[in-house]
Amino acid sequence: MFLPDQHIVIIGNGIAGATLAINLRKQSNCSITLISAESATHFSRPALMYVYMGHMRYQDIVPYADWFWQAQSINLLHDKVEQIDFSKKQLVLQQRTPVRYDKLVLATGSGLAGTHWLKANIKGVQGFVTLQDLELMQQQTQHIKHAVIVGGGLIGIEMAEMLRSKKIAVTMLVRDRLFWRSNLPEQEADLITRHIQEHGIEIRFEEELAEIIADKNRQVQRIKTVAGQEIPCEFVGIATGVKPAVDFLRSSELELDRGILVNDYFETSLPGVYAIGDCAQFSNPKPGIPALEQLWYTGRAHAETLAFTLAGTRKKYERGPWFNSAKFLDIEYQTYGFVPNNWPDAYDSLYWQHPTQPKAIRLFYEKETALLKGINLLGIRYRHDLCQHWFTQNYTLHQVMPELKAANFDPEFFKKYEPELLSLYFSQFPDQKEKTEKYNWWQLRKRLKWAFTT
Ligand SMILES: Cc1cc2nc3c(=O)[nH]c(=O)nc-3n(C[C@H](O)[C@H](O)[C@H](O)COP(=O)(O)OP(=O)(O)OC[C@H]3O[C@@H](n4cnc5c(N)ncnc54)[C@H](O)[C@@H]3O)c2cc1C
């Protein structure tokens, strides 16, 4: 146990702050205070939508009971930090007397981008990021018939799904030509677009919000698009993205850009001050690596790493291969490594799509070396550990193909679709057919025992 006399204060009880407090407690008996404005205890943000849809209650998305924090001697403060006096190592809170710290961790997460649309205070206009947004949306969408969602990203489609679950008609304004085309190759974007439309969601492409028009009670009545179309609606969901929640630090001496600048140890420009999760921005990311990692699982990984440093063993953050997952209505999406939305001639991909169902697989590789660069999966889930293994071991497409059988969770998949994917592969790489077909399945099982037993 290290640092018994130190008081470590963490601002933000999201996945980053809560994971840090728990992991630090495992390694140190220092004093820990976790402060958060949004909720008294940690809850799962990605699960908020299920509370709205009635699949879960709020208490189901709170992973730790109140007694847990007490048992761990983690002091919880439900309050807002209004200002930080870094020279005095002191936090000014909205409701309580100031709190002093020896080390400070900023895990303040993200806030809604596009808040200018909320400034007019029109009823029925909101984003969906916080617990308070959930409560507001529950109130504002009662008895309504038509909603407009502005933005074609992951939160936009979540809001659309939530509203459709209450049978509310939804029109989405999407800047791209296809849904999420700025992130996905044409075929995946097309598949998802059609799937969304089949769920009764209208999408207006290459469209943006120009104006929100309210009635005399300041309730939203209709919107106007940049192309001049008017859409009557009683609710407008602003889903134009999120940004690091760092505005309250803008006038301080802490170095900021879009987020709080950190090195690979999550150290900020000030000694004894760290930042993790959505609010942290790496000051020197390697080429192709995002400076901001605004994902649930990266927030957890940041926290797990920083816990070591705070407990006395300075540890560098080592990113594994990139991974993300999301859901487009009922289509699960997984991506490993990097599949760009468009690519130059030096790259190619093996793409298979089910003829009638929303399922697709893309293996993206470098032509010259056949080195696997990325995988996109729609409606099919692969084993996370095996995919990570392919990327950390620098597999080529030709090494991956014989192991695909081991990647799928769903035995139905390889009975039905694997031959199609393989025949596509053999048509593009006839010289690989004999070798792949001769690949010894039992040897593979033996070699990747962990993939079959876990
Ligand atoms: C609707 C939605 C769905 C999502 N779904 C997914 C998903 O499926 N998969 C995925 O990987 N990611 C998803 N994300 C993103 C993911 O939730 C975030 O990356 C993650 O929650 C960030 O965690 P964090 O701990 O950094 O910050 P947050 O979870 O944002 O927590 C930060 C906390 O700090 C508090 N705080 C901020 N400033 C102060 C202050 N001055 N004083 C006191 N408290 C303060 C905030 O109130 C907040 O509670 C989703 C996000 C949203 C909004």
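I sorted the residues of the shell around the ligand by type and got 13 nonpolar, nine polar and six charged. The model I am working from is a predicted one.

I then listed the surroundings of the ligand. I count 28 residues around the ligand, and the closest are Ala16, Glu38, Arg45, Val81 and Asp278.

In the side chain of Glu38, an N or O atom is 2.6 Å from an oxygen atom of the ligand. For Ala16 I noted a backbone N or O atom that lies 2.9 Å from a ligand oxygen atom. At Leu295 I found a polar backbone atom 3.3 Å from an oxygen atom of the ligand.

On its own the ligand has 1,000 Å² of accessible area, and the protein covers 87% of that. I also asked which elements give two or more residues to the shell, and found helix H1 (15-27) and helix H5 (154-165).

Last, I turned to helix H12, which spans residues 418-428. I listed its buried residues as Glu418, Leu421, Leu422, Tyr425 and Phe426. They cover an arc of only 135° around the axis, so I place them on the same side of H12. I set beside this that an α-helix has 3.6 residues a turn, so residues three or four places apart point the same way.

Definitions and conventions: Residues are numbered from 1 along each chain as its sequence is written. This is a predicted model: local features need pLDDT of at least 70, side-chain atom pairs count only at pLDDT 80 or more; totals for chains, interfaces and linings use all residues. Side-chain values use heavy atoms; hydrogens and water are left out. A residue is near a molecule or strand if one of its heavy atoms lies within 4 Å of it. A polar contact is a pair of N or O atoms within 3.5 Å; within protein, one must be able to donate a hydrogen and the other to accept it, and residues adjacent in sequence count only if both atoms are side-chain atoms. Accessible areas come from the Shrake-Rupley method with a 1.4 Å probe; for residues, only the protein chains shown count as cover. Helices (H or I, at least four residues) and strands (E, at least two) are DSSP runs, numbered from the N terminus. Ala, Val, Leu, Ile, Met, Phe, Trp, Tyr, Cys and Pro count as nonpolar, Asp, Glu, Lys and Arg as charged, and the others, Gly among them, as polar. Buried means under 20% relative accessible area, exposed over 50%, partly exposed in between (1.4 Å probe, protein chains only). The arc is that of the directions from the helix axis to the C-beta atoms.
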